[in-house]
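Please examine the structure shown below with attention to its aromatic side chains.

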Amino acid sequence: MALAAVFVALALAVATTNGAYFSPFNLNNLLFMIAPLLFVGAAQQVVVLGSGFDLSVGPLMGFLVVLSSFWIVDGGNLYVGLALMIAGAIGVGVINGLLVTRFAISPVVATLAMFMALQGLYLLLRSTPGGVIFPGVSEMIQARVGLVPIATIAGIVVLVLLEIALRRTRWGVQLRAVGSHDAAAARLGIRVGWVRFLSYVLCSLLVLPAAVILMAQIGIGDGRPSLSYTLASVTVVVLAGTSIFGGRGSFIAVIAAAFLVQQILNVSPFLGLSQAWSYWLPGLVTLAAAGLYAALRGGGRRRRRPRGAAIASPGGAS
């Protein structure tokens, strides 16, 4: 609710400075740019809930876009292109999951290695942008109902379903249990390694629709625009109040955070600010949110402490 309130307040404040902010063109553009952020934010959220991390989400988007540029083009085969994108997403998720669970490599180290590998791979395939995406496919992905892109509606629906699954299904309970305390989860019979492995596979599958939307946005085989989505996904998760240690978070909050992050990136030109503010503002907001959530949680823990709790002294007295 707080994130949604900030989103509305910021929109009204910017509109008073520049009336073009509420123009149909800008609103449609803003909503369409939010769509990939919804999916990539949800992807990062899944692994963070399981006490993991995935730095490879951005380059994975770029790799899938480059793959599509060889097949989803004039003279290509749409179905082969989609199949390769699905296989690529699943393959990266499986490798990340195995590195973290089977080989016990730190999630940051494993996914950072995948980040560099994917970046090198898509640059090997397309050292320069090439392969114009079939216009009919791009137009279909950019279809909208009024001002609202269908891709954005689909993203919101997916995140709502993920929220329901997180709260109401066995998978959601196990994921939160593993992220909260993996040793206790294991004692309860939860297959900790399997749950974490599946979180990386699901993460990569959620990156797939984000890549499809990015493909329609840029319209050509170029992986470089995807790199910023890794940091954007982390920003969304932090703003959503998700614990970076796992176990606590909300996909509904991710929706609000994705809207706010993209809005912050969108307002700089309307306020006459330089492009540098598009990087400074998200960073400042992320730090402020992280500090606020840490303070709130610390206060909550102090309030929950029993009033009669004993404090042991070095001599054993209380």
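In this predicted model, Tyr21 has a relative accessibility of 1% and therefore counts as buried, since the cut-off for that class is under 20%. Phe270 is also buried, at a relative accessible area of 17%. The model contains four aromatic pairs, and one of them joins Tyr21 to Phe270 in an edge-to-face arrangement, with 5.3 Å from centre to centre and 85° between the planes. This pair connects distant parts of the chain, as its two members are 249 residues apart. Tyr21 belongs to the loop between α1 (2-17) and α2 (24-49), whereas Phe270 belongs to the loop between α12 (251-267) and α13 (277-304). Ring pairs also bring in Phe22, so that Tyr21, Phe22 and Phe270 are linked into a cluster.

A further aromatic pair is formed by Trp194 and Phe197. Their rings are stacked, with centres 5.6 Å apart and planes at 20° to each other; this angle counts as stacked because it is under 30 degrees. Both residues lie in helix α10 (residues 192-218), and because they are three residues apart there, about one helical turn separates them. Phe197 is buried, with a relative accessible area of 14%, while Trp194 is partly exposed, with a value of 43%.

Finally, an aromatic ring may also be considered together with a charged side chain. Arg126 lies over the face of Phe70, at 4.0 Å from the ring centre.

Notes:
Residues are numbered from 1 along each chain as its sequence is written. This is a predicted model: local features need pLDDT of at least 70, side-chain atom pairs count only at pLDDT 80 or more; totals for chains, interfaces and linings use all residues. Side-chain values use heavy atoms; hydrogens and water are left out. Rings of Phe, Tyr and Trp (its six-membered ring) pair if their centres lie within 6.5 Å; planes under 30 degrees apart count as stacked, over 60 as edge-to-face and the rest as tilted. Helices (H or I, at least four residues) and strands (E, at least two) are DSSP runs, numbered from the N terminus. Buried means under 20% relative accessible area, exposed over 50%, partly exposed in between (1.4 Å probe, protein chains only). A charge sits over a ring if NZ of Lys or CZ of Arg is within 6 Å of the ring centre and within 35 degrees of the ring normal.
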